[in-house]
Amino acid sequence: MNISKESTSELTATIRLAITPEDYTEQVNKVIKDYQKKANIPGFRPGHVPSGLVRKMYGKAVLAEEVNKLISDSLNNFIKEQNFNLLGNPIPNQEKNSVVNFEAQTSFEFFFDIGFAPDFKVPLGPETEVEDFEILVDESMIDKYVNETRQKFGIPVTSEASELPAETGKPAEEEKTSSPAEGEPPSEPKVRETTPAELTPEFFDKVYPGEKIEDVEQFRDRIKKDASASFAQETDRIFFNKAIDTIVKSSSFELPDEFLKRWLLEYNEGKFTQEQIEKDYPSFRESMKWQLIENRIIRENEIKVSDEDIRNYIKTVMLRRVGTEFVDPEMEKKYDSIVDAFMQNKEQVQRINDQLYNARLMGLFKTTLNIVKKEISYDEFVKLASEIHEHEHQHEHEHEHEHEHHEENRD
């Protein structure tokens, strides 16, 4: 076997495989011999079929199968031995490859084009600036929460129906003295209401037990802190996406674009036309760049998610739902049994695996990037979130990438 590589550009090359009879004859003869033992041909006892007949009947197919195996194994081994960091998969070079005739040929030559992942530096440092939004909690939002909370902790009272304003146009006294129709149950004579709770230290302690809030100003400050925290999940999501976009745009490296277009066409089994690939390629290119960057970040920062991490996440969610942090040994076994069953759902496990990877990437972004805090109003944030959501909908697969999940720690 003679195998070699010829560079065709900075990020592409062509691999040439030259196969001679010495590379396959022994294996082909072995397979033919096995066929001879097992062949069931009328007029011949099993195991006594002449090898020449077997070769005539099956030789071409056996040769084709063994040569294809030899191509696949040799190509994969060569790529592994040379430690190539490839994009996509090798693509047969149709211009250089000739039509193969397994009946007439004994030597074969095959050519495959490959594309390399570029070398680059991840801009994960203070030189990369990313906005992180903080929603301003205005006085009207605090007022609304104060009123709702006072009502929630208010004192229930009852009042006579006759004291309520009439809604039917009848005088209140007439409504009070009117009797129900025969056979109907009497209407409820009393209506429950709630008197809003007074803004006292006792009330503050009911809302925020143990925090020793003494006056309205402290109470409103605490509400403001709560409201800000409630927006954190949404602002973090926007920050994460903006960080990815910024890192991708700040990473100046090229890709073997023409090779990747050919690879997309070749390996999508006719699902897309060349015109569709050309149209959608910019989005795919950005997605590919992020996958390369993300993989390098994960590798260089040794970010890993183990099965134990996933199990602990599932268990924590379950305990949070039942409102407790500690369980007795017997209950622990039951929870472990539930987790075992959940771990059999590969789709759900992969989803949690991705969530944990993204959470760890988020933590890394927060500690390494140059974060610029920007305060915006709630209305401005709603508008911004809507615009970002629309952008994500249009490019929903642009940064989509499943993190590899193993049964044990990620390699």
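Predicted model: local features only at pLDDT ≥ 70, side-chain atom pairs only at ≥ 80, totals over all residues.

Reply: Start with the elements. Helices are DSSP runs of H or I with at least four residues, strands are runs of E with at least two, and both are numbered from the N terminus.

Me: What makes Glu302 exposed?
Reply: Exposed means over 50% relative accessible area. Glu302 has 65%, so Glu302 is exposed. Its phi is near 50 degrees, a positive value in a residue other than glycine.

Me: Why is Asn83 called exposed?
Reply: The cut-off is over 50%. The relative accessible area of Asn83 is 67%, so the label exposed applies.

Me: Why is Ile15 called buried?
Reply: Buried means under 20% relative accessible area. Ile15 has 0%, so Ile15 is buried. Ile15 sits in strand β2.

Me: What does Ile15 touch, not counting residues up to four places away in sequence?
Reply: A contact needs heavy atoms within 4.5 Å. The residues that Ile15 touches include Ile3, Leu75, Phe78, Phe110 and Ile114. Phe112 is also among them. The C-alpha atoms of Ile15 and Phe112 are separated by 5.1 Å, though the two residues are 97 apart along the chain.

Me: How many of the contacts in the protein chain between residues at least 6 apart in sequence join residues at least 24 apart?
Reply: The share is 76%.

Me: How do you know that β1 and β2 pair?
Reply: Two strands pair if DSSP finds at least two bridges between them. β1 and β2 have 7 bridges, in the antiparallel sense. Glu6 stands opposite Thr14 in β2. A hairpin of 2 residues joins β1 to β2.

Me: What joins β2 to β4?
Reply: 8 bridges do, and the strands run antiparallel. Arg16 stands opposite Phe111 in β4, and Ile19 stands opposite Phe108 in β4.

Me: How many bridges join β3 to β4?
Reply: There are 4, again between antiparallel strands. Ile91 stands opposite Asp113 in β4.

Me: What is the order of the strands in the open sheet?
Reply: The order of its 4 strands is β1-β2-β4-β3, with antiparallel pairing.

Me: Why are β1 (2-9) and β3 (86-92) called edge strands?
Reply: Each pairs on one side only. From one strand to the next, the twist averages 25 degrees.

Me: What lies across β1, β2, β3 and β4?
Reply: Helix α2 does, running at about 135 degrees to β2.

Me: What makes β4 largely enclosed by the rest of the structure?
Reply: Count its buried residues. They are 8 of the 9 in β4, so the strand is largely enclosed. For the protein chain of 411 residues, 33% count as buried.

Me: Which residues of α1 are buried?
Reply: They are Tyr24, Val28, Val31 and Ile32. Seen down the axis of α1, the buried residues fall within an arc of 105 degrees, so they line one face of the helix. An α-helix has 3.6 residues a turn, so residues three or four places apart point the same way.

Me: What do the buried residues of α1 pack against?
Reply: They pack against β2 (12-19), α2 (51-81) and β4 (108-116). The face turned away from the buried side carries exposed Glu22, Glu26, Lys30 and Lys37.

Me: What span is expected for α7?
Reply: The expected value is 27 Å for the 19 residues of helix α7 (residues 232-250). From first C-alpha to last, α7 reaches 26 Å, which is close. Its buried residues include Ile238, Phe239, Phe240 and Ile244.

Key
Residues numbered from 1 in each chain as written. Heavy atoms only, no water. Buried < 20%, exposed > 50% of the residue type's maximum accessible area, 1.4 Å probe, protein only. Arc of directions from axis to C-beta. Axes fitted to C-alpha atoms, helices over the stretch in contact; angles between N-to-C directions. Expected span 1.5 Å × (residues − 1).
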